[in-house]
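Hi,

Here is the structure I promised to pass on.

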Amino acid sequence: VENPAFADTIYAIAMNDAANREPLMMNFVQLVAKSDKSDTYKITACRNVLGLNISDKVNNLIINNLALVNNYQAMMLVSYYLDDPQTAQQAAATVCEIAMNNSNYNGNEVVELLQKIKTMTDDPTLIEEIERHVTWITTVMKYELSFDEKKNGFELLFDGTNLDSWTGDKTDYFINHGTICVTDDYGDEGSLYTIKEYSDFIYRFEFC
């Protein structure tokens, strides 16, 4: 089947046909990649198939196609497959492609992923590219408290580069151009919370 409109139909057939599930899901994954539906739909579809763990062949195809989605959620989903020897190479390629093509993804999570990939490869060109990109990330301007804010006991919860002071759904909530953003599903996997609990506080923030 070549028409993306039939993707969900192919998925339903695959779920009821264990003998032919692998080729059917391969077809489904390709249709999803060609679909004009939202990135959220594509990531959810890929996440569902990855959860079935049909075969390394299917998983690697999905991981490769997620590079086309090219957003933070896709990168974080793929990062879970860096520890599997059967998918590590493709996962590393996809994470690097997304991370290095999006200068606004400059938090500690990205640095940690790139540093991890650096230890996994013997490719001197890739190592050099990772080092250059990590160096650039570490020079990104961070938000700082003013003198008066420090004097009055304020704490900085977000410096524009990482979510280290936050916990919860750090997949649907992500950093974009120095802001905390959320996908169009508004955190369907959960909520984002500060790690530290506060009471009787003044909270200063900007939003749009």
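**What turned up**

Tyr72, Tyr105 and Phe174 form one aromatic cluster. Rings of Phe, Tyr and Trp (its six-membered ring) are paired here if their centres lie within 6.5 Å, with planes under 30 degrees apart called stacked, over 60 edge-to-face and the rest tilted. The structure holds 7 aromatic pairs. One of them is Tyr203 with Phe205, which is stacked at 4.8 Å centre to centre and 25° between the planes.

Before the rest, a word on the source. This is a predicted model, with local features needing pLDDT of at least 70 and side-chain atom pairs counted only at pLDDT 80 or more, while totals for chains, interfaces and linings use all residues. Residues are numbered from 1 along each chain as its sequence is written, and side-chain values use heavy atoms, with hydrogens and water left out.

**Overall layout**

The protein has 9 helices and 4 strands, taken as DSSP runs numbered from the N terminus (helices H or I, at least four residues; strands E, at least two). From the N terminus on, the order is α-α-α-α-α-α-α-α-α-β-β-β-β. The C-alpha atoms fill a box of roughly 65 × 45 × 25 Å along the principal axes. Of the 208 residues, 42% are buried, where buried means under 20% relative accessible area, exposed over 50% and partly exposed in between (1.4 Å probe, protein chains only).

**The core**

A nonpolar core is a set of buried Ala, Val, Leu, Ile, Met, Phe, Trp, Tyr and Cys residues joined through side-chain atoms within 4.5 Å. The largest one has 46 residues, and Phe28, Ile62, Leu66, Met75, Val110 and Ile117 touch the most other members. Elements giving two or more residues to this core include α1 (7–15), α3 (39–52) and α8 (124–138). The largest share, 7 residues, comes from α2.

Which residues make the nonpolar surface patch of about 620 Å²? They are Tyr198, Phe201, Tyr203, Phe205 and Phe207. For a patch, residues need over 30% relative accessible area and no salt bridge; nonpolar side chains (Val, Leu, Ile, Met, Phe, Trp, Tyr) are joined within 5 Å, and like charges within 9 Å. Areas come from the Shrake-Rupley method with a 1.4 Å probe, and for residues only the protein chains shown count as cover.

Phe207 sits in the segment after β4 (192–194) and is exposed, at 72% relative accessible area. Phe201 is also placed in the segment after β4, and counts as exposed at 52%. Tyr203 is partly exposed at 45%. Phe201 and Thr9 are 192 residues apart in sequence and 52 Å apart in space, C-alpha to C-alpha.

**Charged contacts**

There are 7 salt bridges in the whole structure, each a side-chain nitrogen of Lys or Arg within 4 Å of a carboxyl oxygen of Asp or Glu.

- Lys116 pairs with Asp83, the closest N and O atoms being 2.6 Å apart. This pair links distant parts of the chain, with Lys116 in helix α7 and Asp83 in the loop between α5 and α6, 33 residues apart. Lys116 is partly exposed at 31%, whereas Asp83 is exposed at 57%.
- Arg132 meets Glu128 at 3.1 Å, N to O. Both lie in helix α8, 4 residues apart, about one turn of the helix.
- Arg204 meets Glu149 at 3.4 Å, N to O. Arg204 is in the segment after β4 and Glu149 in helix α9 (residues 147–151), 55 residues apart.

Cheers
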